[in-house]
Amino acid sequence: MDLLDQLAETFFSWDAMVAIVPDLLTVGLPNTLLLAGASGVLGCVLGMILAVMGISRNPIMRWSARIYTDVFRGLPAVVTILLIGIGLGPVVRELTGSTNPYPLGIFALSLMAAAYIGEIFRSGIQSVESGQMEASRALGFSYGSSMRLVVVPQGIRRVLPALVNQFISLIKDSSLIYFLGLLASQREIFRVGNDAAGNTGNLSPLVAAAILYLILTIPLTHLVNFIDHRLRTGKPETTTAIEESPFAREGASS
């Protein structure tokens with residue numbers, strides 16, 4: 001019983017968890033969403049460029065996209081963040097005079113996300129039937145207009161679940177930015193919980209941080225499932241008022 005009490009106190013100390021909630025919500029949560037949101041947007045822009053390069057008829061562009069994707073998908077996230085954050089940090093400080101690690105952290109996360117998102121976009125674009133391109137060209141659209149107005153929108157719609165999954169990964173990977181060194185006001189969810197755990201000698205603040213991560217990611221996971229189901233089954237049909245009216249039933253019976 002003493003062992004169970006000790007484990008409960010170590011991982012589920014209510015006082016320690018409650019004490020860390022204000023910092024998690026006012027400091028950790030906004031910073032985590034900033035890191036994930038900014039890197040997600042930049043990753044989508046770079047990813048679309050990589051996807052277009054990957055399906056280009058130019059072999060140099062195709063191979064450049066392939067090499068980029070292989071490199072950034074093959075490196076561990078923490079290695080990429082450290083190489084960019086520490087390697088480019090002195091250059092950024094020299095040019096801007098700023099020691100804020102967020103720009104480099106967002107840059108590193110965006111480069112990694114672009115490698116995955118580019119493959120997601122490429123697979124979505126290539127899954128669009130060739131007849132869509134042929135039909136748009138027959139209507140007088142140029143190749144570029146056909147891709148921009150017809151093929152690419154359909155490809156993006158088909159890969160929305162995978163894009164949401166990638167955003168979930170960015171939320172979790174944002175915790176690695178703490179390796180670059182953060183001020184108290186720059187801490188994300190993990191760093192807030194980790195600092196509190198180190199100060200109190202209790203792991204309950206980390207458990208509170210984990211619960212907040214789950215609150216963010218589990219609804220997104222169910223959103224992925226919902227989008228995937230809707231894309232596969234389509235919008236459910238609704239019975240029209242005419243079909244439900246007694247006059248329609250009488251006409252059908254007669």
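Biologist: What radius of gyration does the protein chain have, and what would a compact globule of 254 residues have?

Modeller: The protein chain has 25 Å, whereas a compact globule of 254 residues would have a value near 18 Å. The radius is taken over C-alpha atoms, and the globule rule is 2.2 Å times the number of residues to the power 0.38. Along its principal axes, the C-alpha trace spans about 80 × 60 × 30 Å. This is a predicted model, in which local features need pLDDT of at least 70 and side-chain atom pairs count only at pLDDT 80 or more, while totals for chains, interfaces and linings use all residues. Residues are numbered from 1 along each chain as its sequence is written, and side-chain values use heavy atoms, with hydrogens and water left out.

Biologist: How many helices and strands does the protein chain have?

Modeller: The protein chain has twelve helices and zero strands. These are DSSP runs, numbered from the N terminus: helices are H or I with at least four residues, strands E with at least two.

Biologist: Why is Gln-186 called buried?

Modeller: Buried means under 20% relative accessible area, exposed over 50%, and partly exposed in between (1.4 Å probe, protein chains only). Gln-186 has 12% relative accessibility and therefore counts as buried. Across the protein chain, 39% of the 254 residues count as buried.

Biologist: Where does Gln-186 lie, and which residues is Gln-186 in contact with, leaving aside its neighbours within four places in sequence?

Modeller: Gln-186 lies in the loop between helix H8 (160–173) and helix H9 (189–200). With those neighbours left aside, Gln-186 is in contact (heavy atoms within 4.5 Å) with Asn-31, Asn-100, Pro-101 and Tyr-102.
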